[in-house]
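Here are some questions and answers for a reader who is meeting this structure for the first time. Please look at the sequence and the model before reading on.

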Amino acid sequence: MEIPLSLSPNLQKPPHLIPTQTHESNHFNSLIKHHTKLKDDHAILDTYTRMESSGFLPDNTTLPLVLKACGRLQAVERGKKLHNAVFHTGLVSDIRVQTALVDFYAKCGMLVNARKVFDEMSERDVVSWNAMISGYVVCSEYRQALGLFSRMQNGNLKANSVTVVELLRACGELLELRLGKAIHGYCLRHGLFNSNPHVDSSLIGFYLKFDPSIAALVFEKLDARNTVSWNTMISGYVNHGDYLKSIQLFISMFTEGFKCDSVTMLVAIQACAEHGNLELGMQVHQLVIKFGYSNIRITTALMNMYNKFADLRSSYELFNSIPTKDVVLWNSILSCSIESGLIDESIRLLTDMQLDEIRMNERTLVILLPLCAHLCNGLVNGKSLHAYAFKISKEKNAHVTNSLVNMYALLNRVEDATRIFTQMQVLDVISYNVFISGLIHNNLKVEACEVFVQMLEKVKPNSQTLTLILAAFDSGEFLNVGRSIHGYVMTSGVQIDASLNTALTEMYINCEDEETGIGLFENYCDKDSISWNSLLSTYIKNNQEHNALILFQRMISNVKPTLVTIINVLSLYTHLSNLPQGRCLHAYTLRRFSSLERELSLANAFITMYARCGSLEYAEKIFNRLREKDIVSWNAMIAGYGMHGCGDDAMLTFSKMVNEGVKPSRVTFVSALSACSHSGMIRKGLILFQSMVQDFGVTPELVHYACLVDILARGGLLNEAKNVIDTMPMAPDASIWRALIGACRIYSDTHMAKSAFEHLIELEPTNAGNYVLLSNIYAANGLWSEVKNLRLIVKNKGLKKPSGRSWIVIKSKVHFFAAGDKTHPQSETIYKRLTFLLTSITEMGYVPDLSWVLHDEDDERKLARLSSHSEKLAIAFGLISVNGGSPILITKNLRICGDCHEFSKYVSKLTKRTISVRDASRYHHFVDGSCSCKDYW
């Protein structure tokens, strides 16, 4: 706020202040000069206060020192009072005092007052002009600064190094390249370049605003580089995202013997973190220790660097090494902990921060708000943080409001998110991006498009906006809209970076125009690992396994696979039960990372892979070797035991986890309850469900109720399961009704199945699989007219029934089979072996269960259908192809049928081979005529 300069009558002639030179006044003047050398502004003002109370004024050399201290401390009233005190003395006309007053008012943001003093000066030297020009620059009035310089030139005053530094800063902020070049020419003509380090660094900094290559030329022409010029150039490359060049320049600076300072180290750490060079970052850390450059800013940068490499232990060691921690350091460790997914640890840290009496600031709120989406009582905590934002008057801070919009959207509180968004005073591109992302998160694609259209009228979207909106178009019906967005990208001048090109590629593939999508990918020159990973992920998501595997082979010859690549490919091998390739990837990972200890997310992915690919023993080995396990590690192992029917092992692992102080998450209880369901552990499942609420404070969600219904219904307690559904505190979803219908098949309860089906099709009227579920129950009970009616409904609605298929991996190649399939090159051999198996096991007592044939036809045709189910074909092929006594692993995308289950038991006894079948819900290990599920499935 501008405060006009005015003098009250009683201050115009202060009789007690005497600008005379006495022994006592000289003593005060000397003290002020002494404190100035020590850069102790508070001591300067304390000395002046004592001098004033003694009736003396500083002299014309000391008074500017006091005014400078007022400016640095923003002591506005003290400075104005001093101005009043000298107003009717000879000091007020002294050029040094007047210049100091201009500088004081400008530094305090009072440009009107500064300009008034400046205009009333009868004589001005270059220092006076510099003070006013600098004031304008400090207050971001860059045009005014340049205009004043023009007036200065008219007065035949020669600009010095200070003038040039301020003018270059103004030109840089205004992006005035032409004028900046003119100032550069002035420096060359008047010998300011290569003679003043501040001018040299300012020229480099100016050109870095436009083109680092020009700045590099200026840097190369310097005769005598110093630490400041090196730092300017290194940080310039960092700001332009060229982290490799900044690192190379840092190494050159060090090897050429130039002295580094704390700024050099700070920028080098940031460059190493962004470039992904942990080894060099650790060496810089050693230099920080060696030369004693450690401060809070460097410690924070090092913590952030280690966090980028998932080395939370090093971040904690740095954090604990600082005895007195400020809010910046607390924010940094909170951010590290939250980004690492350590929810409970983050809450503990927040508690410690509050116990340390550190007040949260807006940055703390921005860090904590996304955490609420992962908490059981996230909405309550989110609203508390929202209230705290009001308490510290930061509720209108742009960063805070954007984070609030994001938090409410993640918690599916779209109305609250919309209210905050619409109340924001200034909507910038970040605000729109956050809100659009929130709408897409809540599957409100049409609404997201409407906000995007509104945005076009007010704010120009950036590449991130377009990347977000393109993610909403994930089916063929959105193809034309996606093409329109692509057209906007081409005509609006938005730069197509790797992320945007990747988003366009994904959109076209998801919208069934694969040719255009692949064309965009292939024709983009600057493909990075993110581009490759994204296309790989899209293929996997769209079940294009073959294309994904081919792309991965191409990728490893073009770019170095990242952690994301390995996890993506691992998920593909897991889906396909491709254990041989999973093992190869494990070996590659160990060569690349030497150990899974530092990459816990990767270790967890391998635990899941081995468990889902049938090798529970290897999953246990990796799990047991982990010195530090996170909640995901425990969940993966519990889920692995559950899908193999090892309920007791799952519950034992759950108990160990709790005993080691790890708090179970909502996912933990899903895995543990599923394990109880697969193992028929009804009582333990019920106790666990109660414990989840009473002992661990986890509020049951739909997925937990689905597990509970499955436990009861699968155990034959259909009425109790229905009672759970009727008394739930929320409306049941499709998965809950499906669990009930699945159990109705086992216990032939057609009445309850029909009732549940009616609820199910209200929720999912276009899911053909739901009609198949009821149709199978009717068929098993011989209700063929009902089966016919359901099939007619499916046909009239144009729904597509999910096709069953089984597959087996032989020598890293995946062989797929469908019922009655004769497309395999070895079909003749496969059917011969299958006929032999069926004949042999029939002699052992196997009787085909024709109730699993879902067609109303004669027994002969039913037997033909039953004999060529995809599981049987895959098993026959496995026995032909897998030598010796090695186990045979079959995967099926749907639930194994009862007859194939019985067939597998007999074949395992006949061939003395272990046959493992992973169906849509669990593993069946057939050994010597028995199944690991104990026929409870």
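Q: Which residues have the most contacts inside the largest nonpolar core?
A: In this predicted model, the largest nonpolar core has 170 residues, and helix α15 (residues 262-275) gives the largest share of this core, with 8 residues. Within the core, the residues with the most contacts are M233, M305 and F473.

Q: Which residues does M305 touch, not counting residues up to four places away in sequence?
A: M305 is among the residues with the most contacts inside the largest nonpolar core. When residues up to four places away in sequence are not counted, M305 touches I269, C272, A273, L278, G281 and M282.

Q: Is S337 buried or exposed?
A: S337 is found in helix α19, which covers residues 327-339, and, not counting residues up to four places away in sequence, S337 touches L312, Y316, L342, E345, S346 and L349. A residue counts as buried when its relative accessible area is under 20%. The relative accessible area of S337 is 0%, so S337 is buried.

Q: Are α25 and α26 roughly parallel or roughly antiparallel?
A: Helix α25 (residues 429-441) packs with helix α26 (residues 445-458) at an angle of about 170°, and their axes are 9 Å apart. Angles over 145 degrees count as roughly antiparallel. The relation of α25 to α26 is therefore roughly antiparallel.

Q: How many nonpolar residues are in the contact of α25 with α26?
A: On the α25 side the contact is made by V429, Y432, N433, F435, I436, L439 and I440, while α26 brings E447, A448, V451, F452, M455 and K458. Of the residues in this contact, 1 is polar and 2 are charged, and the number of nonpolar residues is 10.

Q: Are α31 and α33 roughly parallel or roughly antiparallel to each other?
A: The axes of helix α31 (residues 529-541) and helix α33 (residues 563-576) come within 10 Å and cross at roughly 15°. Angles under 35 degrees count as roughly parallel. The two helices, α31 and α33, are therefore roughly parallel.

Q: Which residues in α33 does α31 meet?
A: α31 passes α33 in a left-handed crossing. From α31, the residues N533, L536, S537 and I540 take part, and in α33 they meet V564, T565, N568, V569, S571 and L572.

Notes: Residues numbered from 1 in each chain as written. Predicted model: local features only at pLDDT ≥ 70, side-chain atom pairs only at ≥ 80, totals over all residues. Heavy atoms only, no water. Axes fitted to C-alpha atoms, helices over the stretch in contact; angles between N-to-C directions. Helix = DSSP H or I, 4+ residues; strand = E, 2+ residues; numbered from the N terminus. Parallel < 35°, antiparallel > 145°, perpendicular 65-115°, else oblique. Left-handed = near helix turned anticlockwise from the far one by under 90°. Contact = heavy atoms within 4.5 Å. Core = buried A, V, L, I, M, F, W, Y, C linked by side-chain atoms within 4.5 Å. Buried < 20%, exposed > 50% of the residue type's maximum accessible area, 1.4 Å probe, protein only. Nonpolar A, V, L, I, M, F, W, Y, C, P; charged D, E, K, R; others polar.
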